[in-house]
Amino acid sequence: MQNLKLVSSSKQGKQTKIKVGNVVIGEGFTVVGGPCSVESEEQTIRTAEAVKAGGGMMFRGGAFKPRTSPYDFQGLGLEGLKILAKARELTGLPIVTEVIDPRDVSWVCEFADILQIGARNMQNFSLLKEVGRSPKPVLLKRGMYSTLKEWLNCAEYILAEGNPNVVLCERGIRTFETYTRNTLDLSMVPAIKELTHLPVMVDPSHGTGKLSLVEKMSLATIAAGADGLLVEVHINPCEAKSDADQQLNPEQFKKLMQKIRKLEQFMADSLFTTSITGGEPK
Ligand code: PEP
Ligand code: MN
């Protein structure tokens, strides 16, 4: 694709790997679990412990929440980040958290191991430039109305500022379908692998918005060849202050992790490590 100088796959086919604590994104299948929002210390720490016990490798949670209504819970801000830091201290799990304002990037970096750019901010170019100048890896979600090309151009903005550590995250797009919250576009996973060297994760929680669909779509993500999963987990989903309908409880997360491990073993079979290739990608 034109003008994607930095994100395009090299002729040598070298894939970007991102080391965060003990985890290397791009090596094996990385599972990030945690609540939509950091609501309280107790809810966050108990969820982080459940994610760790279930086999999750990183912890997610929003301290700044981009909500549709200004009257909905907006997140705990700095207090939330301090709680996330405590969760990391107790569990050892690296923290993925969203930043929504360019002015916050430098100090959010002190708490986050990975900076998340949410779907609504995918094309916030001043935010992209700011995280591009930060020392932390960036998880760039796909905008809900964005094409693959627009999304990859946003990753290019970050790399162009000097930050090579970008993970792309498919989280569903708006279509005419209303049964699901979004339409999870899993075809993006192999497409991204074809075009770029960047790792790709999938978020089936926002991608479907429905608890009953999250497990199946998580497993499909592995078959599609993704590098990992971002999944919402809450100690008590019914009481969640945001996205109550899509969060797994600890037991459901543990079961999902068991199935993921089994499927990973199955996919490691040599039959699945080769794929059909087509013409030159455009
Ligand atoms: C989130 O991860 O909690 C979130 C707000 O996601 P998205 O930006 O994909 O809607
Ligand atoms: Mn959410």
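Trainee: Which residues surround ligand 1?

Mentor: Keep in mind that this is a predicted model. For a shell, list each residue with a heavy atom within 4 Å of the molecule. Here, ligand 1 is surrounded by C36, R60, K65, E98, Q116, G118, A119, R120, K141, R171, H206 and E232.

Trainee: How many of the shell residues are nonpolar, polar or charged?

Mentor: Sort them by class. The shell around ligand 1 holds two nonpolar, three polar and seven charged residues.

Trainee: Which side chains place an N or O atom by an oxygen atom of ligand 1?

Mentor: Look for N or O pairs within 3.5 Å. R60 has such a side-chain atom 2.7 Å from a ligand 1 oxygen. For K65, the distance is 2.9 Å. K141 also comes to 2.9 Å. Protein covers 97% of the 300 Å² of accessible area that ligand 1 has on its own.

Trainee: Which residues coordinate the manganese ion?

Mentor: For a metal, find the donor atoms. Ligand 2, the manganese ion, is coordinated by C36 (SG), H206 (NE2), E232 (OE) and D243 (OD), at 2.0 to 2.3 Å. Their sequence spacing is C-x169-H-x25-E-x10-D.

Trainee: Why does the pair C36 and H206 tie together parts 170 residues apart in sequence?

Mentor: Because C36 lies in the loop between strand 3 (30–34) and helix 1 (41–54), while H206 is in helix 7 (residues 204–208).

How values were computed. Residues are numbered from 1 along each chain as its sequence is written. Chains are lettered from A and ligands numbered from 1 in the order in which they are written. This is a predicted model: local features need pLDDT of at least 70, side-chain atom pairs count only at pLDDT 80 or more; totals for chains, interfaces and linings use all residues. Side-chain values use heavy atoms; hydrogens and water are left out. A polar contact is a pair of N or O atoms within 3.5 Å; within protein, one must be able to donate a hydrogen and the other to accept it, and residues adjacent in sequence count only if both atoms are side-chain atoms. Accessible areas come from the Shrake-Rupley method with a 1.4 Å probe; for residues, only the protein chains shown count as cover. Ala, Val, Leu, Ile, Met, Phe, Trp, Tyr, Cys and Pro count as nonpolar, Asp, Glu, Lys and Arg as charged, and the others, Gly among them, as polar. Donors are N, O and S atoms within 2.8 Å of the metal (3.2 Å for Na, K and Ca); water is not among the atoms, so sites may look incomplete. Helices (H or I, at least four residues) and strands (E, at least two) are DSSP runs, numbered from the N terminus.
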